[in-house]
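Me: Can you walk me through this one? I'd like the overall picture, then some local detail.

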Amino acid sequence: QNYALFPHMTVGQNVGYGLEMSGVPKAERQRRVTEALELVRLPLVENRKPAQLSGGQQQRIALARALVNRPKVLLLDEPLGALDLKLRKEMQLELKSLNHEVGITFIYVTHDQDEALTMSDRIAVMSAGKILQLGDPREIYERPRNRFVADFIGETNMLRGTVDRIDGSIATLGIQGVGQIRVEAGDEAKSGKSGYDADAIIRPERMSLHHPANLCAEHVAENRLDGTVVDAIYLGTHTQYVVRFADGQSSTVHLQNTNANQRDFALGDPASILFSVDSATLLTD
């Protein structure tokens, strides 16, 4: 928010400040300022002081100052970090709309995984200065290539076991004291090796939770894990359950609250988790 370095100026002067050293005529400068303020949906605040603006408006003025020079690429480094959650969500949508409207490339740096998924057409997940995976949001979320990416983007469950065998693109993972599950082998399908430890990753929303006594033929799934409910948190749209298995591992399940009268699970209840083969992926890196 470098406009705050010039608090005596009005918003319009702040937006146009960077142009004064560029030899842009005053009339053209004024036209660009007006255009930039309209782009950020603030056409009537030109004569206000920065201190007279809300936090969200100040963020928009910072964007207008960057856009007024008409860059081909705009770097945004944690631009919404100082905003409260509601305003942050609103500004995410505003920025995405603005990006499409002005037609320039935004390089958006963030540590917020949800923000990365919301804002991006392509995501580069980096660690220690290296790009670990580059792809569109769906690819990064659904098919992470390693544990770091899987753990960083979205919430995920990792179940440790031993690869008993690989048949084509499907791996069978044995979990001590729990049983076997079948998962997509991913890159490991090429090796065909077995007998080594690996993780299966499954997103919480890809699992369904059932009372074991209520399971019948129509609930047949490719994978079933039985355990005990050890935590339950009501989150409005869904309830988050944690189910612990016999080997001490646990998984988080998101159960949508589709019915106000649906039967919940109490702590200590036995529970069965069901999920399909294509909901889980084998990771060794």
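Predicted model: local features only at pLDDT ≥ 70, side-chain atom pairs only at ≥ 80, totals over all residues.

Me: Where is Asp264 in the chain?

Reply: Asp264 sits in the loop between β12 (250-256) and β13 (270-275).

Me: And what is Asp264 in contact with, leaving aside neighbours within four places in sequence?

Reply: Asp264 contacts His211 and Tyr241. His211 is 53 residues away from Asp264 in sequence. Their C-alpha atoms are 9.7 Å apart in space.

Me: OK, zoom out. How many helices and strands does the protein have?

Reply: The count is seven helices and 14 strands.

Me: What share of the residues count as buried?

Reply: Of 285 residues, 44% count as buried. The exposed surface comes to about 15400 Å². Carbon and sulfur atoms supply 50% of that area.

Me: What about contacts between residues at least 6 apart in sequence: what share join residues at least 24 apart?

Reply: That share is 61%.

Me: Now helix packing. At what angle do α3 and α4 pack?

Reply: About 25 degrees, with the axes 11 Å apart. Helix α3 covers residues 55-67, and helix α4 covers residues 85-102.

Me: Parallel or antiparallel?

Reply: Roughly parallel, because angles under 35 degrees count that way. The crossing is right-handed.

Me: Which residues meet there?

Reply: From α3, they are Gly55, Gly56, Gln59, Arg60, Leu63 and Leu67. From α4, they are Leu87, Met91, Glu94, Leu95 and Leu98. By class, that contact has six nonpolar, three polar and two charged residues.

Me: How far apart are Gly55 and Leu87?

Reply: They are 32 residues apart in sequence. In space, the C-alpha to C-alpha distance is 8.8 Å.

Me: Next, Arg88. Which helix is Arg88 in, and is Arg88 buried or exposed?

Reply: Arg88 is in α4. Arg88 counts as buried because its relative accessible area, 11%, falls under 20%.

Me: What is Arg88 in contact with, apart from neighbours within four places in sequence?

Reply: The contacts are Leu80, Gly81, Leu83, Thr110, Asp112 and Glu115.

Me: And Asn99, buried or exposed?

Reply: Asn99 is buried, with a relative accessible area of 13%. Asn99 also lies in α4. Setting aside residues up to four places away in sequence, Asn99 touches Ile104, Phe106 and Asp121.

Me: Switching to backbone. What is phi of Glu78?

Reply: Near 45 degrees, a positive value in a residue other than glycine. Glu78 is in the loop between β1 (73-77) and α4. At 27% relative accessibility, Glu78 counts as partly exposed.

Me: Then Ala128: what is its phi, and where is Ala128?

Reply: Ala128 has a positive phi of about 55 degrees, although it is not a glycine. Ala128 is in the loop between β3 (123-127) and β4 (130-135).

Me: Is Ala128 buried or exposed?

Reply: Ala128 is exposed, because its relative accessible area of 80% is over 50%.

Conventions: Residues numbered from 1 in each chain as written. Heavy atoms only, no water. Axes fitted to C-alpha atoms, helices over the stretch in contact; angles between N-to-C directions. Helix = DSSP H or I, 4+ residues; strand = E, 2+ residues; numbered from the N terminus. Parallel < 35°, antiparallel > 145°, perpendicular 65-115°, else oblique. Left-handed = near helix turned anticlockwise from the far one by under 90°. Contact = heavy atoms within 4.5 Å. Nonpolar A, V, L, I, M, F, W, Y, C, P; charged D, E, K, R; others polar. Buried < 20%, exposed > 50% of the residue type's maximum accessible area, 1.4 Å probe, protein only. Areas by Shrake-Rupley, 256 points an atom, 1.4 Å probe, with all protein chains shown as cover.
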